[in-house]
Amino acid sequence: MLGVMVDVSDAETTSTANATFRELSTLQSFAKKLLESGTVKMVIGYSQGYTSDRAMPAFITDPEKASSLIFDKRCFHNLTMYLKTAEIKCAGKIAIVVKGCDAKALNVLLLENQIKRENLVILGLVCIGVGDPTLEKCRICNVNTPPIYDELFGKPVPNKEWTSATFTRVKELEGKSQKELWEFWVNEFNRCIKCYACREVCPICTCTRCITDKNQPQWVPTSPHSMGNFHWNLTRAFHLAGRCIGCDECERSCPADIPLSLVNWKLIKQVFEKYGFIAGMSPDDLPPMSTYVEGEEEEFIK
Amino acid sequence: MENIYRPSLMTILNVTWETPDTTTFKLAYQDNAEKDAFFSNYKVGQFGEYSAFGSGESTFCVASPPTRQDHIECTFRAVGKNTKALQAMNENDTIGFRGPYGNYFPIEDWKGKNLLFIAGGIALPPLRAVIWNILDRRSDYGDATIIYGARTVSDLVYKMELDEWHQMPDVNLVTTVDPGGETPDWKGEIGFVPTVLEQAAPAHENTIAIVCGPPIMIRFTFPVLSKLGFRDEQVFTTLENRMKCGLGKCGRCNVGGTYVCKDGPVFRADVLHKLPAEY
Amino acid sequence: MITINTNSLGKLLESARSAGYRFVAPVRDGTISLFRPVDRIQEIALDLITPVKSPKEYFFSDHECILSYKRSGKSLIELSEPSKEDYAPPTVIFGCRPCDAAGPGIIREVMTWDCDDKFFLDRLESTVIITIACVEADEACYCTSVDMAPDSETGSDILLTPSKDKPGVQQEYLVKAVTEKGSRFIEQTKGWSDGTVNPAPAIEGLKSSMKPTFDAERVRKWLDTSFEDKFWDTATLACISCGTCTYTCPTCHCYDIIDEGNTDGGKRLRNWDACMMELFTLHASGHNPRPTKSNRFRQRLTHKFKYYPDLFNRILCTGCGRCQRYCPTDHALKNLLEQIDKLVSTESQAAEAVDK
Ligand SMILES: Cc1cc2nc3c(=O)[nH]c(=O)nc-3n(C[C@H](O)[C@H](O)[C@H](O)COP(=O)(O)OP(=O)(O)OC[C@H]3O[C@@H](n4cnc5c(N)ncnc54)[C@H](O)[C@@H]3O)c2cc1C
Ligand code: SF4
Ligand code: SF4
Ligand code: SF4
Ligand code: SF4
Ligand code: FES
C-alpha cells in the first residue's frame, strides 16, 4: 500500500525538498535525445499518476512524450522490476530511470545474469530521499549517488557508510523476547491475503516458477491462513537473503501493510555483520549466500 | 441447501493401464440414489471432477456411454498432483466424483448420418463414449469411421477396444502413429493425423465429423476437413480450458464471454470460430 | 421515517448484539483498515472513504472449508461439511458505503447461476447490511460511472442517509428499510431510534458534483469488437499482474479449490484466486490461454464491463475505487476505462468527419 502521500498542491516545497528535481529538464531532454536518435526503443521513468497524489511508471517510446517525465518525492517505485517482465525483455535496448536503491537492483540482476548490460542505458538520479516524511530506507541510504549509471542527473553527494548502528528498526525488534516476536509476527502475517504483490513488485524475485506456485510437493500451502502466510512470508524473505537490496517496494505494495521490510532488513543486517556484504554495490561482488570459499567457517554445516 | 461441491463416493472396480502414464478407472457409485441421479442426466461429451482425497480435483470427461448404466469410466494421464495421486490408487479404493457437467454431443440430431471420428493421443476418451453410444444403437446411425493417431504405438489408448472395433465389419478404423513412433510389427498407418485424414478422404455428404486432440492437431485438421468439403456446421470438437468448479462460478474456464464448463466442452466449429482465441 | 443520531449509534450496536448479531464495521488497525467484528462503537472508523479490504470476505471468505474427509476403513472415506451455524452466524455489516453494499448482490448472480453456492447464499441470508450514504468521495471513486450513486440503496438492507452534507460532523441519519430483512431487523432491535422526521435529501451536493467520467455502455460496445486491439498491450505495461486489485475488489469472485491434508483425512478449501495470476489458466501441459499480463488485464476489464453485463445485465464493478487506490503501480482500471471511452469518441468523431 502507498505508505506516504505528499501534497503536490505545494509544488514549491516538493521541488526544493529534492535537489535532483532541478535536473528534471536535463533528464527530459536527455531521454528525448535517446529516443530521437534511436539509441533506445523505450525510456522507463516516472510520470504524473492518475490521481494528483501519486506518480506512476511511464513507458515512453515517443520522443515528444519525454517531457512528461517527472521526478519528486512520490517516485517510490523501483522501476527495475519491469526488466523481468516478458514485455520489456523483448523491447530491445531501453533506458531506465533509477534512484540509488533501484540501481543496486541492477547490480544484482547483472550479477545473476538476469539482464544484459548492453541492452540498458542507466539514467541515475542523485536522490536524497522519497516520501514525506522521508522513508526509513532513505534515512539510512548509502547510495544517494547511484552505484551504477551511464548518465548521472544531479550533483553527486558523498555516500554514507553503514555500521551496525545503522539498523535501528531491526535493533528495536531484536530487543523483543521470543514470545513477543512470535505474537508480533503471527499478528502481522495473519493479514496476508496472498496477493503476491510483494513478489511481483520485487526486482530480485526473478524465478520463472516461484516455489509457492509449485505443487509437487506442495512446499508452501497456498491458503492465506496463519500457516500458509508464515510459510510464504518467510520463504520469500529467505530466498532474498543476501540479494534483497532494501528498496522496500514489497512493503509499500502490500495491501495488508505488513512490515515486510523488517524481515528483509533483519537479513540485510545479518549478512552485513557476518560477511560485511551489501547487496547491489557492484555487479562483480560475489554474493555470500551462493558462494563457498575454501576454509570458510560454516556454523550450520557441521 | 445442498453443497454443490460435495462429491459422490466411488469405488474403483477396475484399473487398466493404457500406456505407461495413462490409466482407465472403472468406477461404481457407492450410493444408488446418486447413481440414478447421474444416469438420469448424463449424456455423452459431459465431464466431471474426480478427486483423490488430499490431492484436489481434476477434470476428465466421462469415457463410458450412458447405455452402460452399472458403472462409469474415465481415462486420464498423470500430469500433475491429483492425476498422479489417482494413478497411485488401487482396486476397491474410494475416490470422489462430481458430475455430470457441461453440454454434450447432440447425437440425437445425428440419427441417420455417417459419423467420422478423428482423435489424437489422450483425446480418445470423450470420443470413445460417443462411439460406444452409437455402436450400442447401431441401426440409428450410418457409416462409422474412426481415425486415431498417437505419437508412438505405446501412446495409443484402448488397445483392446481398437482391436474390437477393427474386427467390426461396420466400423472403419484407421490407426496411425507419428513418423518414428512405429514398432517393427506395426500394421497401421505412419503419419500425422491431418495427413492420414487427407489420404483417407472420407466423404462429407450427410456426415458429421468429431475432432478431439491436442490444440495443434485440431488446428491442422480443420483446414483438411474444409478441403474435403465439410462445412463448419458439420464439425464438432471439445475444448479443455482449465477448470475448478465445473459449475460456472470459479471463473477460470471462460473463452471470451463463453464458459467452457457450461456452454462447452462440446463446440460446433462455426461457434468455436466466433470465439476469441483464448483456449 | 425513523432517524438515528450519531450519538445513538452505540445503542444500535448494543441492541444488535443483544439480539444475537455479530456486529461488523470498518475499523483502523495500525495503518490498515478493514471490516471487523466490534464490541464498542468507539472502535468504528466512520471517516474512512472505504477500508482497504471490502466486506466481501464476510460472504466469500479468502479461505474456507467446503468439505472434510476422513478415512473410515481401509478403502472407505467419510465426508462431512461445516455447519451453517459456524460459517454463517447472524451478522450485521454496519457502515458500508453504497459501493460495498452493492457487491454481494452483484456476486449473487453468478453464485445462483443454474445452481446455488450455499456457502455464499447462507451468509448473505444471515447478514443485514446497514449502509451509510456518502457525503465524501476521493479522486479514485467513480460510482456514478457504473450505474451507482453516493446514495444508492442497491444491496443494502437498511440505508442511513446523513442530514448534513459534510463529513465528520454530528448527523441525524434518516433510516430507510430497503428490504424486508431490513424492516425485520429494525422491528427486532428497536429502541435505538431517535424519533421520526421528514428531512430533505441531504447529499444532493456530492451526487451532482460526481459526474460520470466515462460511458460504461460505450465501453461495452467497444469491447464487443476489440479483443485483439493493440490498445491492450501498450495500456497494460505498468501492471505487475498481482492480486491486489481483485482481492480488494468487492465484486471479484474467482476461486480455487484445493485439498489440505493427507490420504487419511483433511479438508477441501475454497480460496480466493484471480484472473490476474499467471497460474490461473495455465494447463497442466504448460499451455496457457492467457500467457501475458495484457491478456489477463483484458480479461479483468472485459469480464467486468462486458461478459458479466452480457450474462446478468449488471456491471461487475461498483466504482469503489480500490483497484486504483491500492494498485502498487497506479495502474487504474478507471484510467483504462476512460482511455477506451476517449478512444471511442475520437474514433467516432473521425468517422463523422469522413462522412461529412
Ligand atoms: C473438459 C475437460 C475434459 C478433460 N478430460 C480429460 C480426460 O479425459 N483425460 C485426461 O487425462 N485429462 C483430461 N483433461 C485434462 C485434465 O483436467 C488435467 O490434465 C488435470 O486436471 C490435471 O490435474 P492435476 O491435478 O494432476 O494437475 P495439477 O497438479 O493441478 O497440475 C497442473 C496445474 O497445476 C499448476 N502447477 C503447479 N505446479 C506445477 C508444476 N510444477 N508443473 C506444472 N504445473 C504446475 C499449473 O497451473 C497446472 O495447470 C480434461 C480437461 C477438461 C477441461
Ligand atoms: S505479504 Fe502483502 S503483498 Fe505479499 S502476498 Fe501477502 S498481502 Fe500480498
Ligand atoms: S492492476 Fe495493479 S493491482 Fe491489479 S494486477 Fe495490475 S498491478 Fe496488481
Ligand atoms: S473493479 Fe475496482 S472500482 Fe470496481 S468494484 Fe472492483 S475494486 Fe471497486
Ligand atoms: S475480474 Fe478476474 S478475478 Fe475478478 S471476477 Fe472477473 S475473472 Fe474473476
Ligand atoms: S470451471 Fe469454474 S467457471 Fe468454469
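**Exercise 1.** How much area do chain A and chain C bury between them, and what percentage of it lies on carbon and sulfur atoms?

*Solution.* The model under study is predicted. Chain A and chain C bury about 3,100 Å² between them, and 59% of that area is on carbon and sulfur atoms. On the chain A side, A:Tyr50, A:Arg54 and A:Ile193 supply 22% of the area that chain A buries against chain C, more than any other three residues. The contact itself draws on 38 residues from chain A and 39 residues from chain C.

**Exercise 2.** Identify the salt bridge between chain A and chain C, and describe the side of chain A that touches chain C.

*Solution.* The rule finds 1 salt bridge across this interface. A:Arg54 forms a salt bridge with C:Asp330, and their closest N and O atoms are 3.7 Å apart; the cut-off for such a pair is 4 Å. Next, consider the elements involved. Strand E2 (55–60), helix H3 (86–89), helix H8 (197–200) and helix H10 (249–253) of chain A each supply at least two residues to the side that touches chain C. Of the elements, E2(A) gives the most, with 4 residues. By class, this side of chain A has 19 nonpolar, 9 polar and 10 charged residues.

**Exercise 3.** In what order do the 7 strands of the open sheet in chain C lie, and is the pairing mixed or antiparallel?

*Solution.* The order is E1-E9-E8-E7-E6-E2-E3 in chain C, and the pairing is mixed. Strand E1 (3–5) and strand E3 (32–37) of chain C stand at the edges with a single partner strand each, so one side of each has no neighbour in the sheet. From one strand to the next, the twist averages 25°. One pairing may be followed in detail: strand E7 (residues 127–132) and strand E8 (residues 158–161) of chain C pair in the parallel sense over 3 bridges. C:Thr131 has C:Leu159 in E8(C) as its bridge partner. Helix H3 (residues 98–111) of chain C packs on the sheet and touches E3, E6 and E7 of chain C; its direction makes about 150° with that of E7(C).

**Exercise 4.** Describe the interface of chain B and chain C by its residues, buried area and salt bridges.

*Solution.* The contact takes 41 residues from chain B and 46 residues from chain C. The area buried between the two chains is about 3,900 Å², of which carbon and sulfur atoms give 55%. B:Met1, B:Phe53 and B:Lys249 supply 19% of the area that chain B buries against chain C, more than any other three residues. The rule finds 6 salt bridges across this interface. Among them, the side chains of C:Arg290 and B:Glu278 meet at 2.7 Å, N to O. Polar contact joins 30 residue pairs across the interface of chain B and chain C.

**Exercise 5.** Which strands stand at the edges of the 6-stranded open sheet of chain B?

*Solution.* The sheet has the order E4-E3-E6-E1-E2-E5 in chain B, with antiparallel pairing. The edge strands are strand E4 (57–61) and strand E5 (72–77) of chain B, each pairing on one side only. The twist averages 40° from one strand to the next.

Methods. Residues are numbered from 1 along each chain as its sequence is written. Chains are lettered from A and ligands numbered from 1 in the order in which they are written. This is a predicted model: local features need pLDDT of at least 70, side-chain atom pairs count only at pLDDT 80 or more; totals for chains, interfaces and linings use all residues. Side-chain values use heavy atoms; hydrogens and water are left out. Contact means heavy atoms within 4.5 Å. Buried area is the accessible area (1.4 Å probe) that two parts lose on being put together, summed over both. Ala, Val, Leu, Ile, Met, Phe, Trp, Tyr, Cys and Pro count as nonpolar, Asp, Glu, Lys and Arg as charged, and the others, Gly among them, as polar. Two strands pair if DSSP finds at least two bridges between them. Axes are lines fitted to C-alpha atoms, for helices over the stretch in contact, and angles run from 0 to 180 degrees between N-to-C directions. A polar contact is a pair of N or O atoms within 3.5 Å; within protein, one must be able to donate a hydrogen and the other to accept it, and residues adjacent in sequence count only if both atoms are side-chain atoms.
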